[in-house]
Amino acid sequence: MVTANEAAMATEPARLQARPSFQQLQQTLRDRWCSTDEFDTQERHVVVVPSLSLDQEELQKIEGVNHYEERLLFSLIRLRNPNTHLVYVTSQPLHPSIVDYYLELLPGIPSSHARDRLTLLSAYDSSGKPLSQKLLERPRLLNRIRKAINPDRAYMTCYNSTVWERDLSLALGLPLLALDPDLLHWGTKSGSREIFRRCGIPHPIGSELVFDESSLAQVTAEVWEQDPNLKRMVIKLNEGFSGEGNAILDLRELSAVAPGSAGHGDRVRALTAAFHTLSFQSGIETWEHFSAKIPVLGAIAEAFVEGDHKESPSVQGRITPLGKVEILSTHDQELGGPDGQIFLGCSFPARPDYRLEIQDMGQRIGEELARQGALERYGVDFIAVAKGDPKAPQWDLQAIEINLRKGGTTHPLMAMKMLTEGRFHQADGLFYTKQEQVRYYRASDNLQKPQYRGLLPSDLMDIIVAKQLHFNSISGVGATFHLMGCLSEYGKVGLTCIGTSPNHAREIYDQVVAALDESTA
């Protein structure tokens with residue numbers, strides 16, 4: 001007897017023979033995509049697959065990562081367009097109260113109207129695989145996605161793009177609003193450095209990409225020889241993310257073999273031994289585990305940017321299906337971890353001292369990425385070091401890396417766009433509401449304390465509403481939340497606090513923390 005699942009799989013070969021190529025699908029994006037800045041009355045269908053298709057072993061170091069598929073729920077902003085239909089697919093079902101929370105944030109449209117155009121589907125699979133892989137393993141679920149959309153008006157969007165997302169795009173017969181995986185090199189550490197060189201963007205001295213420990217010691221020595229005054233270096237796996245995959249090498253402990261004090265061979269041998277004492281962002285990481293990834297991912301050595309007063313700004317942009325490069329936002333990032341390289345949160349916009357300068361560099365980088373064929377979101381991280389008068393410093397800006405995916409700075413901006421119906425103005429780097437009022441925000445993925453464990457999303461709302469800290473659509477200020485699925489088990493939640501000034505946004509953030517602390521004391 002043939003099972004229903006076997007019957008579904010049996011239909012796949014005939015369908016696969018008829019499907020277009022990936023490039024042919026991508027050419028249809030121009031007609032199917034519309035910017036979220038536009039009020040759109042055309043019939044459109046969007047399939048959101050928030051798969052974290054990254055190193056699954058590294059992802060497991062992030063507490064509550066199984067709930068991070070919730071971060072793209074701000075994609076529901078597209079439902080404010082009355083003829084847009086959206087399919088949101090997850091590994092495990094989303095709690096209805098979490099979905100309702102986002103729908104009720106949509107301005108200008110009844111939440112029931114938006115809910116009727118939203119289809120939620122789940123793989124019911126919590127295993128450590130990317131969601132896109134899980135979907136490809138479930139042909140009947142793929143058929144349910146196909147039945148929920150008009151395939152001639154639909155496209156697919158995701159968190160990051162890999163071969164899994166491309167294969168899923170082909171399996172569904174939908175264009176993918178994301179980077180072609182063949183271009184992922186430009187988002188690696190070595191690829192970023194090449195783009196910076198092409199664009200004339202200042203960046204730290206560093207090495208070529210290598211794939212074994214012996215070669216890594218050689219190129220590390222060569223970088224040190226370029227600048228004998230270096231105090232520290234960063235050893236980076238070529239495909240690390242969020243600061244994971246970075247390790248700090250302290251050269252001050254190797255002064256006996258510094259350039260000018262010892263020969264190259266002695267220096268290489270000393271560096272090889274020193275790799276076993278590297279400082280890692282994660283307390284559970286070891287050199288043995290880290291080095292095992294070098295033959296697979298590759299690694300580089302790069303000068304650590306020193307400075308008594310440093311900031312970590314970033315610029316975000318996108319390359320549209322129409323080929324236009326747009327700057328979307330700038331941020332000052334909050335970084336943590338032993339050496340300050342783990343992303344914790346951000347403030348929008350970046351400091352006025354360098355905001356427009358990093359926008360300009362981000363535009364040039366985006367245009368080069370576009371020439372290479374890149375599409376959709378990109379971000380560029382910088383290190384800014386204050387020089388001169390502390391009251392009116394000059395800033396030395398060094399580009400660190402390019403991210404070709406939706407990152408931790410994507411969903412806060414989407415939240416503010418959803419809540420205010422406003423838009424970013426590249427001329428001054430500020431965000432204006434529909435009423436032309438300037439707004440700022442402070443956001444985090446990592447508000448986490450042990451005493452928050454056991455709080456349900458409904459408890460969170462009770463606490464915030466009682467303190468009148470929830471977002472107020474009339475005043476255009478207040479707090480909104482994400483990652484609420486993490487709260488009860490991990491005591492962790494994400495939030496975006498919108499204010500009329502940077503200080504006001506920080507005040508709201510602090511008030512939210514104080515309210516949660518008081519309620520869980």
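These are my notebook entries on what I looked up in this structure, which is a predicted model.

**Entry 1: the cores**

I started with the nonpolar cores. The largest one has 98 residues, and the members that touch the most other members are L76, Y88, I365, L369, F481 and V512. Setting aside residues up to four places away in sequence, L76 touches L86, Y88, Y102, L103, L106, L118 and M418. There is also a second, separate core, and I noted that it has 31 residues, including V210, A217, V219 and V268. As background, I jotted down that nonpolar side chains tend to be buried together in soluble globular proteins.

**Entry 2: α18 against α20**

Next I went to a helix pair. Helix α18 covers residues 457–466 and helix α20 covers residues 502–520; they pack at about 115°, and their axes are 10 Å apart. I have the crossing of α18 and α20 down as right-handed. Which residues make the contact? From α18 I listed L460, I463 and I464, and from α20 V512, A515, L516 and S519. Sorted by type, the residues of this contact of α18 with α20 come to 6 nonpolar, 1 polar and no charged. V512 was already in my notes, as one of the residues touching the most other members of the largest core.

**Entry 3: α12 against α13**

I then checked a second pair. Helix α12 (residues 213–226) packs on helix α13 (residues 264–274) at an angle of about 120°, with 9 Å between their axes. On the α12 side I found E213, A217, Q218, T220, A221, E222, W224 and E225 in the contact, and on the α13 side H264, R267, V268, L271 and T272. The residues of the contact of α12 with α13 split into 5 nonpolar, 4 polar and 4 charged. A217 and V268 also turned up in my list for the second core.

**Entry 4: two single residues**

Is K417 buried or exposed? I looked it up in helix α17, residues 410–420. K417 has a relative accessible area of 10%, under the 20% limit, so K417 is buried. Beyond its neighbours within four places in sequence, K417 contacts T36, D37, I77, R80, G422, R423 and F431.

Then I turned to Q394, which sits in strand β14, residues 394–403. Q394 is exposed, because its relative accessible area is 58% and the cut-off is over 50%. Leaving out neighbours within four places in sequence, I found Q394 in contact with V385, A386 and K387. Last, I took the spacing of Q394 and R267: 127 residues apart in sequence, and 36 Å apart in space from C-alpha to C-alpha.

Technical notes:
Residues are numbered from 1 along each chain as its sequence is written. This is a predicted model: local features need pLDDT of at least 70, side-chain atom pairs count only at pLDDT 80 or more; totals for chains, interfaces and linings use all residues. Side-chain values use heavy atoms; hydrogens and water are left out. A nonpolar core is a set of buried Ala, Val, Leu, Ile, Met, Phe, Trp, Tyr and Cys residues joined through side-chain atoms within 4.5 Å. Buried means under 20% relative accessible area, exposed over 50%, partly exposed in between (1.4 Å probe, protein chains only). Contact means heavy atoms within 4.5 Å. Axes are lines fitted to C-alpha atoms, for helices over the stretch in contact, and angles run from 0 to 180 degrees between N-to-C directions. Helices (H or I, at least four residues) and strands (E, at least two) are DSSP runs, numbered from the N terminus. A crossing is left-handed if the near helix is turned anticlockwise from the far one by less than a right angle, and right-handed if clockwise. Ala, Val, Leu, Ile, Met, Phe, Trp, Tyr, Cys and Pro count as nonpolar, Asp, Glu, Lys and Arg as charged, and the others, Gly among them, as polar.
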